[in-house]
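Hello,

Here is the structure I promised to pass on. My notes follow below it.

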Amino acid sequence: MSGIKVEDLNHPARFKPARKGKKPPKLLAVVHQSGCTGCEVCIAGCPVDSIELVPGPDPKNPGYQQMVEIDLARCIGCQNCSQDCPWETISMYNHDDAFVAWGNETLTSKLYVDLEEKPEETKSEETV
Ligand code: SF4
Ligand code: SF4
């Protein structure tokens, strides 16, 4: 993915509790989406519910070719998901490196959208 991304304020994840604490986590998890089968195993083990489904391309069958993505704004770096994924397709990165990795490894995002695609009120949000 390329370009400046901003949080999609309409995504249901934006209504979940924010990450506690002032310091960002040392590690963040990133899904290598090309290897994700959408099996959802990782979702159950996330203590802060920060793993979101990305529906497949067919709106009539969203479960087909679904993937997941991790909300970097809410991940606490616990490493559960990277240990639980049966396909070893989640990696932990140092906090700052994770944003670059997210850009390289994310094929489709529902949590973040292109800055230029959003109306003005969204443009002040944190960029990825
Ligand atoms: S590292 Fe922990 S908090 Fe972050 S997405 Fe994985 S399970 Fe959730
Ligand atoms: S456990 Fe791995 S393969 Fe399954 S949905 Fe999560 S990241 Fe994708």
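Start with the two ligand shells. The shell around ligand 1 holds nine nonpolar, five polar and no charged residues. Nonpolar means Ala, Val, Leu, Ile, Met, Phe, Trp, Tyr, Cys and Pro; charged means Asp, Glu, Lys and Arg; the others, Gly among them, are polar. Of the 14 residues around ligand 1, Ala 29, Cys 46, Cys 75, Cys 78 and Cys 81 come nearest (around means a C-beta atom, placed from the backbone, within 6 Å). The shell of ligand 2 has nine nonpolar, three polar and one charged residues. Nearest among its 13 residues are Cys 36, Cys 39, Val 41, Cys 42 and Cys 85.

A word on the model. It is predicted: local features need pLDDT of at least 70, side-chain atom pairs need pLDDT 80 or more, and totals for chains, interfaces and linings use all residues. Residues are numbered from 1 along each chain as its sequence is written, while chains are lettered from A and ligands numbered from 1 in the order written.

Now the fold. The protein has three helices and six strands (DSSP runs numbered from the N terminus; helices are H or I with at least four residues, strands E with at least two). Their order from the N terminus is β-β-α-β-β-α-β-α-β. Of the 128 residues, 27% are buried (20 or more other C-beta atoms within 10 Å of their own; exposed is 12 or fewer, partly exposed in between; C-beta atoms are placed from the backbone).

Last, helix H3 (residues 95-105). Its buried residues are Ala 98, Trp 102 and Glu 105. They span an arc of only 85° around the axis, so they sit on the same side of H3 (the arc is taken from the directions from helix axis to C-beta atoms). Exposed Asp 96, Val 100 and Asn 104 are on the face turned away from that buried side.

Best wishes
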